Amino acid sequence: MADLKVTLSGLTLDNPIIPASGTFGFGKEFAELYDINILGSFSFKGTTRDARFGNPTPRIAECTAGMINSVGLQNPGIDHVLAVELPEMKKYFHKPVIANIGGFSVEEYVHCVEKLRGCDQIGLIELNISCPNVHGGGMGFGTTPEMAAEVTRAVKAVADKPLYVKLTPNVTNIVEIALACEEAGADGIAMINTALGMRISLKTKKPIIANKMGGFSGDAIFPIAVRMVYQVYEAVKIPIIGMGGVSSAESVIEMMLAGAAAVEVGAANLVNPYICKDIIENLPGVMEKYGIEKLSDIIGGAH
């Protein structure tokens, strides 16, 4: 019988499938479609200190093999998540969840993660360091090793759960940044966040998205994600959650061979809300086809 179990920093998941933050909300809408307890876990909506409406509309642009979004971390804020969303979640999801945290200053990240201390529903913290640093000229925290290390070190000092740092691919050398996070105390790496993309309307002759540019995700970025996971796996000793264009059981196995210990599914949830369920159900058959008995045995197998 196929063994789908994987472990992330002491947290054992029934399978490696994790819906990615920003594509699954707090799970409630998906729980109305199927029993989401079949998932390994899920990463809930990116949460900041204060409630955010997000960016102006239009925020979405379609692409041939993916989409561009510039939602702008729309969320109800950390206090609402703790008071309302997490207690509500207990009714329909009975496993540890991944808390995706965003921020616009080191202090904001620290504030949010401190608030999560002692919360038994949280299994891991996923730190989104693609956010612009308001005290650093608007440059994303994840774009230099120094800034990535600074925020990692500060958050690790207050976190009581394993800390996974989510990296942006919009950099020259993602390996340097992953190493900086590891040295600063990160327990794991989550990668990759969206690539930067743009569409222009032929009718208006202007950018489709109000913000001009946005995060490009979907099948088209899968080869980039696999390459980056492969490179980082060669350099770090901590686990990697791989993501970026994952949409099938085959792509999960490919991502794990590159070095991912677990895999997040993002844009595909917006195309087919049953995609994570389908992947979990298809994995044993695909494992059998390729002679795989235990998924955990293939992590980094391409190296």
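A residue counts as buried under 20% relative accessible area, as exposed over 50%, and as partly exposed in between. The model described here is predicted. In this model, Pro 87 has a relative accessibility of 38%, so Pro 87 is partly exposed. Pro 87 sits in helix 2. Leaving aside neighbours within four places in sequence, Pro 87 is in contact with Val 81, Leu 82 and Gln 121. Pro 56 lies 31 residues from Pro 87 along the chain, and the C-alpha atoms of the two are separated by 30 Å.

Helix 2 also packs against another helix. Helix 2 spans residues 78–89, and helix 3 spans residues 106–115. Their axes are 10 Å apart and meet at an angle of about 15°. Angles under 35 degrees count as roughly parallel, and helix 2 and helix 3 are therefore roughly parallel to each other. The crossing of helix 2 with helix 3 is right-handed. Helix 2 contributes Ile 78, Asp 79 and Leu 82 to the contact, while helix 3 contributes His 111, Cys 112 and Lys 115. Three of these contact residues are nonpolar, one is polar and two are charged.

Helix 4 covers residues 145–156, and helix 5 covers residues 174–183. These two helices pack at an angle of about 25°, with their axes 8 Å apart. Helix 4 and helix 5 are therefore roughly parallel to each other. Their crossing is right-handed. On the helix 4 side, the contact is made by Pro 145, Ala 148, Ala 149 and Thr 152. On the helix 5 side, it is made by Glu 176, Ile 177, Ala 180 and Cys 181. By class, six residues of this contact are nonpolar, one is polar and one is charged.

The loop between helix 4 and strand 8 (163–166) holds Lys 161. Lys 161 has a relative accessibility of 16%, so Lys 161 counts as buried. The side chain of Lys 161 reaches the backbone oxygen of Cys 119 at 3.1 Å. That side chain also makes a polar contact with the side chain of Asp 160, at 3.5 Å. Not counting residues up to four places away in sequence, Lys 161 touches Gly 118, Cys 119, Ile 122, Gly 123, Ile 125 and Asp 187.

Asn 100 belongs to strand 6, residues 97–101. With a relative accessible area of 2%, Asn 100 is buried. A polar contact of 2.8 Å joins the side chains of Asn 100 and Glu 126. Beyond four places in sequence, Asn 100 is in contact with several residues, among them Ser 21, Ser 43, Phe 44, Lys 45, Gly 46 and Thr 47. Asn 128 and Lys 166 are also among the contacts of Asn 100.

Burial extends over much of helix 7, residues 249–258. Seven of the 10 residues of helix 7 are buried, so this helix is largely enclosed by the rest of the structure. The buried residues are Ala 249, Ser 251, Val 252, Ile 253, Met 255, Met 256 and Ala 258. The elements that cover them include strand 1 (6–8), strand 3 (17–19), strand 12 (240–243) and strand 13 (262–265). Helix 6 (222–235) and helix 9 (275–289) are also among the covering elements. Just after helix 7, Gly 259 takes a positive phi of about 140°.

Methods: Residues are numbered from 1 along each chain as its sequence is written. This is a predicted model: local features need pLDDT of at least 70, side-chain atom pairs count only at pLDDT 80 or more; totals for chains, interfaces and linings use all residues. Side-chain values use heavy atoms; hydrogens and water are left out. Axes are lines fitted to C-alpha atoms, for helices over the stretch in contact, and angles run from 0 to 180 degrees between N-to-C directions. Helices (H or I, at least four residues) and strands (E, at least two) are DSSP runs, numbered from the N terminus. Angles under 35 degrees count as roughly parallel, over 145 as roughly antiparallel, 65 to 115 as roughly perpendicular and the rest as oblique. A crossing is left-handed if the near helix is turned anticlockwise from the far one by less than a right angle, and right-handed if clockwise. Contact means heavy atoms within 4.5 Å. Ala, Val, Leu, Ile, Met, Phe, Trp, Tyr, Cys and Pro count as nonpolar, Asp, Glu, Lys and Arg as charged, and the others, Gly among them, as polar. Buried means under 20% relative accessible area, exposed over 50%, partly exposed in between (1.4 Å probe, protein chains only). A polar contact is a pair of N or O atoms within 3.5 Å; within protein, one must be able to donate a hydrogen and the other to accept it, and residues adjacent in sequence count only if both atoms are side-chain atoms.
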